[in-house]
Amino acid sequence: MLSSVDLIQRWHDMAARGEPHASIRFGDASAAVMAHGAILTMDFMRKHYRWLDDPAYCGVTLPNDGARRRLVDCLRAADYVGHLRQTEHWYFKPLFDMCLTYYDVAPKATFYAFENVYIARYPLFYERFRALPIVLCGAKSVLYREVLERRYGFTGIVGTVDCPDWNGLLRAEQEMEALYAASPWKLALVCAGAPGKALVVKAKTLGTVGVDFGSGCEAAIQADRAGLDAWDYTEPLKY
């Protein structure tokens, strides 16, 4: 599996070269989206998942067959796939493995799904991407941009794209296109739950590097609220 340093270096080098790429993370919620109505029945899921009617949890409510099929397409399009390693519960790595088998997908390279949180606490991450042309995607992208620019001296952020839930996906994709046409960027840091997987693939289709950064933005935001740099913040992240 790829390490934090591997990912930072590779994302930077691919972005600098203008190489299309998608790194996508699949945790327990996104695996559930891919599994519902196919691997797992909705009756079963209603007994085991409390968030099915809550769009705030991962950006989508279930059932949603369109979202299921879209996430499977994202899994197929991903160059690097992040997944859980835990096996103590069936809905962690075992369910993701079932998705790989059911949809007949063999990832090109893998990393731990929560590597994003570790990366967000590495000084190397801020050093490498400080001047790179970047677009930030997600509900907290405006706040994240302010923290990155003020505390870490980022100079290359060309814009932000909001995507609070699945219903905002099409507009977010259109905004990414418009930003790229106005000021071509090289990297998309996407913090947008399940819809974010599709935005990562959108970045790849635009010829850039898309990274499913998820809660990685929270490390910088919550550390800043405590008056600290992300690498000095040791508190568990609050979601």
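Mentor: Gladly. Let us begin with Arg 17, which is exposed, with a relative accessible area of 56%. Keep in mind that this is a predicted model.

Trainee: What makes Arg 17 and Glu 19 a salt bridge?

Mentor: The rule asks for a side-chain nitrogen of Lys or Arg within 4 Å of a carboxyl oxygen of Asp or Glu. In Arg 17 and Glu 19 the closest N and O atoms are 2.7 Å apart, so the pair meets the rule. By this rule the count comes to 17 salt bridges.

Trainee: How do you know that Asp 43 and Arg 46 are separated by about one helical turn?

Mentor: They are three residues apart in helix α3 (residues 42-48), which means about one turn. An α-helix has 3.6 residues a turn, so residues three or four places apart point the same way. Asp 43 and Arg 46 also form a salt bridge, with the closest N and O atoms 3.7 Å apart. Both Asp 43 and Arg 46 are exposed.

Trainee: Which residues are linked in a network of salt bridges?

Mentor: Those are Glu 146, Arg 150, Arg 151, Asp 224 and Asp 229.

Trainee: Why is it said that the pair Lys 204 and Asp 79 ties together separate parts?

Mentor: Their side chains meet in a salt bridge, at 3.2 Å from N to O. Lys 204 lies in helix α11 and Asp 79 in the loop between α5 and β2 (80-83), so the pair ties together parts that are 125 residues apart in sequence.

Trainee: Is Asp 79 buried or exposed?

Mentor: Asp 79 is buried, because its relative accessibility is 11% and the cut-off for buried is under 20%. Lys 204, at 22%, counts as partly exposed. Leaving aside neighbours within four places in sequence, the contacts of Asp 79 include Pro 20, His 21, Lys 108 and Lys 204.

Trainee: What are the buried residues of α10?

Mentor: They are Leu 169, Ala 172, Glu 173, Met 176 and Leu 179. These residues cover an arc of only 125 degrees around the axis, which puts them on the same side of α10. On the other side, Leu 170, Arg 171, Ala 181 and Ala 182 are exposed. Among the elements that cover the buried residues of α10 are α5 (65-77), β4 (134-137) and α11 (193-205).

Trainee: What makes the radius of gyration of the protein chain agree with that of a compact globule?

Mentor: With 239 residues, a compact globule would have a radius of gyration near 18 Å; the protein chain has 17 Å, so the values agree. Buried residues make up 53% of the 239 residues.

Trainee: How many helices and strands are there in the protein chain?

Mentor: There are 12 helices and seven strands.

Methods:
Residues are numbered from 1 along each chain as its sequence is written. This is a predicted model: local features need pLDDT of at least 70, side-chain atom pairs count only at pLDDT 80 or more; totals for chains, interfaces and linings use all residues. Side-chain values use heavy atoms; hydrogens and water are left out. Buried means under 20% relative accessible area, exposed over 50%, partly exposed in between (1.4 Å probe, protein chains only). Helices (H or I, at least four residues) and strands (E, at least two) are DSSP runs, numbered from the N terminus. The arc is that of the directions from the helix axis to the C-beta atoms. Contact means heavy atoms within 4.5 Å. The radius of gyration is taken over C-alpha atoms; the globule rule is 2.2 Å times the number of residues to the power 0.38.
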